[in-house]
Amino acid sequence: MKKAKILLASLVGSIIEWYDFYLYGTATGLVFSTLFFPNHDPAVSILIAFATFGAGYAARPIGSIIFGHMGDRIGRKASLMLTLIGMGGSSFLIGLLPTYAQIGIVAPALLVLLRLMQGIALGGEWGGAVLLATESANKGIRGFFGSVPQLGVPIGLVLGTFSFTLISALTTEAQFMAWGWRLPFLFSIVLIVIAVWIRSGIEETPEFQRKKDQGELAKIPVVEVFKYNSKDIFRLIGLKLGDGFFNVFLMSFILVYATTYLDYSRDTALLGLTLSCATMILTIPIMGYLSDFIGRKIIYTGGLIAMIVLAIPYFMAVPVSTGWFFTMQVVLLGVVWGAIFATQGTLFSELFPAKVRYTGLSLGYQIAAAIVGFGPMIWTAMGASYGASPLVFGGFMIVSLVISLVLILFAPDTRIVTQYEDLDEEQITSLNSEAEQEKAVNLT
């Protein structure tokens with residue numbers, strides 16, 4: 001029962017955080033480009049709007065340092081409570097913002113500020129939610145536990161896109177643009193209250209508590225992680241780049257790509273995204289469970305290879321018909337990327353020792369996120385120059401995916417970390433070789 005409550009706490013908070021973050025992404029192409037960044041050229045409006053979308057990604061490394069320090073020094077729980085409040089408050093205020101037509105340039109300025117606050121909050125949330133689950137897991141099922149907070153991404157996005165779809169169906173275009181788009185943002189305050197209540201009833205993770213009791217906490221986590229684990233930070237960044245670019249396209253930019261370049265309706269684009277995210281909800285826990293038996297590295301490698309093979313066929317198929325659009329979204333996002341993402345939380349967290357794990361995990365992941373967050377700006381420029389070219393868009397994805405594939409091939413099988421983490425000094429000295437003993441000391 002205690003473990004179930006911890007998993008619920010990690011999942012619920014993750015859902016809310018990603019609901020709010022991706023809600024902005026959905027609104028960027030549908031609302032913000034018109035109401036906050038008006039321009040006689042729609043392409044310019046979209047480009048500027050997605051620059052603010054990318055600003056949220058750029059702010060995430062800042063959040064990873066702030067909340068990573070707090071998580072590694074004070075505790076995972078305290079850090080996670082603050083990230084929830086920061087994200088929820090920002091989203092609620094976005095729902096109250098006046099538009100450019102009402103207050104001029106101040107409106108987009110305030111929108112960017114709140115987007116930055118969202119990014120900072122999410123920069124600390126993801127890593128903390130993963131650690132809340134993985135550091136509380138029983139031996140042998142860490143991969144499954146680590147996949148649970150990952151469910152927050154598809155569930156949060158489904159809730160966000162469904163709310164927009166529902167409100168769009170119940171209102172006229174004029175009503176939706178006047179006030180309907182605000183409702184999902186305002187509703188986030190209700191979800192935040194529920195999540196804070198659930199998280200307030202959980203305990204600190206056993207691994208952090210043990211390090212705290214032993215007086216082994218890092219004094220300045222960000223300094224120590226760069227001093228002793230800089231290689232793993234850069235490895236994490238590279239591992240995330242490939243699927244990260246494709247993920248941002250499949251979960252955010254696809255709404256602009258499908259409606260602007262392929263002439264699909266807004267409702268069709270939202271439905272395709274919702275179907276693929278619903279599929280991912282099934283894929284993630286299954287793959288997380290399998291990773292405890294066949295390894296995170298095998299699943300991750302297979303997923304990257306599949307994305308490389310399907311990259312150009314994806315961009316060739318989605319313009320053909322709605323059936324192909326839905327199918328390719330489900331296969332590439334729901335199944336293939338879902339499998340990759342299921343393993344990331346556990347795989348990446350196992351690269352770092354417990355005393356700097358929050359900082360190392362969050363910082364590496366969020367630096368990669370800051371890079372891929374500006375993908376929509378690149379793709380908008382590509383679309384303006386080349387249209388919906390399968391070779392151009394598919395080729396871009398393949399290049400970034402190959403970088404990640406090379407790095408995962410040379411990465412360690414992180415399942416071995418779980419063999420050493422809970423060993424005491426006597427157990428470490430009993431290991432068969434000096435190499436094993438050294439690895440155990442470094443990991444514990």
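Predicted model: local features only at pLDDT ≥ 70, side-chain atom pairs only at ≥ 80, totals over all residues.
Helix H14 comprises 22 residues, 296–317, and spans 30 Å between its first and last C-alpha, close to the 32 Å expected at 1.5 Å a residue. The helix is kinked by about 45° at Leu310, shortly before the proline Pro313. Its buried residues are Arg296, Ile299, Tyr300, Thr301, Gly303, Leu304, Met307, Ile308, Ala311, Tyr314, Phe315 and Ala317. Among the elements that cover these residues are helices H7 (142–147), H12 (221–261), H13 (266–294), H15 (322–349) and H18 (390–409).

The model contains 13 salt bridges. One of them joins the side chains of Glu135 and Arg76, with an N to O distance of 2.7 Å. Glu135 is in the loop between helix H6 (106–134) and H7, whereas Arg76 belongs to helix H4 (residues 76–94), so the pair ties together parts 59 residues apart in sequence. Glu135 is buried at a relative accessible area of 3%, and Arg76 is buried at 0%.

A salt bridge is also formed by the side chains of Arg357 and Glu207 (2.9 Å, N to O). Because Arg357 lies in helix H16 (residues 357–372) and Glu207 in helix H11 (residues 206–213), this pair ties together parts that are 150 residues apart in sequence. Both Arg357 and Glu207 are buried.

In the salt bridge between Lys211 and Glu216, the closest N and O atoms are 3.1 Å apart. Lys211 is buried, with 9% relative accessibility, while Glu216 is partly exposed at 35%.

A network of salt bridges links Asp72, Arg76, Glu135, Arg142, Glu207, Asp292, Arg296, Glu350 and Arg357. Within this network, Arg296 is also one of the buried residues of H14.

How values were computed. Residues numbered from 1 in each chain as written. Heavy atoms only, no water. Helix = DSSP H or I, 4+ residues; strand = E, 2+ residues; numbered from the N terminus. Expected span 1.5 Å × (residues − 1). Bend = angle between axes of the 7 residues up to and from the residue. Buried < 20%, exposed > 50% of the residue type's maximum accessible area, 1.4 Å probe, protein only. Contact = heavy atoms within 4.5 Å. Salt bridge = Lys/Arg side-chain N within 4 Å of Asp/Glu carboxyl O.
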